[in-house]
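Please look over the structure shown here before reading on. The briefing takes up the order of its elements, its overall form and one selected residue.

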Amino acid sequence: MIGATMLCFRLFGFPIRIHWMFWVLCAFLGLNFLEGGGRTGALIVGATIAIFIVCTLCHELCHAFMRKHHGAPNAEIKLQGVGGYCSGPGKFTPGQAISIALAGPMFHLILSMLLFSLWMAVIPRESMASRLTLRATDLNMILFILHVLPVMPLDGGHIFSMLMASRNPAIVPWIGMVVAMIVSVIGAMTGWYIISLIFSYFAYQNVKMIRNRSYRGF
Ligand SMILES: [Zn+2]
């Protein structure tokens, strides 16, 4: 796995590993935001990719800092072809685990609202700064919505799983599969093929969870 990792470094004491597939994900997402050609188009795509990388790193760092806040400082962050992942040793209460899972998506929501307020208040319309600020606002709102969907292994899936743990845990992968398939179809119909592909993979992961559970008999 280390051989397939292109970039390893530490940020705020947390080890970060970036797999080469993450750059493929960035490239496809950037192309989805392509508007027109020329230098301006290339600049906007490049800026979108840069915003996505920084925001994904910040998302995972929020998980890592929340884990540290709850007494588990040794988190590791991986950026892969289907997004980021923060893991490490630690035992948490259900409430702590929910706050750790929420920390990442909340970063996108808060940043999106702050950027939109900034755009409304001070950024001149029809400028490049205006376009980039709105792009970062949209991107972070999309990332927030996608991450809170009740689909494993997304943050929303983990939160849903913890909320259902004592009620009906078997329903979690079923809901995850259905929601992932719906997002996959919407992605394919709207030209967001990378999102469609990722959510097809998530749907498959949830089908595997359903199969494993029935195999074990619960
Ligand atoms: Zn997350």
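From the N terminus on, the elements of the protein run β-β-α-α-β-β-α-α-α-α-α, which gives 7 helices and 4 strands, where helices (H or I, at least four residues) and strands (E, at least two) are DSSP runs numbered from the N terminus. This is a predicted model, in which local features need pLDDT of at least 70 and side-chain atom pairs count only at pLDDT 80 or more, while totals for chains, interfaces and linings use all residues. Residues are numbered from 1 along each chain as its sequence is written.

**Overall form**

- The protein is as compact as a globular protein of its 218 residues, because its radius of gyration is 18 Å, close to the 17 Å of the globule rule; the radius is taken over C-alpha atoms, and the rule is 2.2 Å times the number of residues to the power 0.38.
- Along its principal axes, the C-alpha trace of the protein spans about 60 × 40 × 40 Å.

**Burial and contacts**

- Of the 218 residues, 31% count as buried, meaning that 20 or more other C-beta atoms, placed from the backbone, lie within 10 Å of a residue's own, whereas a residue with 12 or fewer is exposed and one in between is partly exposed.
- Among contacts (C-beta atoms, placed from the backbone, within 7 Å) between residues at least 6 apart in sequence, 55% join residues at least 24 apart.

**Proline 89**

- Proline 89 is found in the loop between β4 (83-87) and α3 (94-121), and it is exposed because 10 other C-beta atoms lie within 10 Å.
- Leaving aside residues up to four places away in sequence, proline 89 touches Ala72 and Asn74.
- Proline 89 and glycine 41 are 48 residues apart in sequence and, C-alpha to C-alpha, 43 Å apart in space.

Conventions. Contact = placed C-beta atoms within 7 Å.
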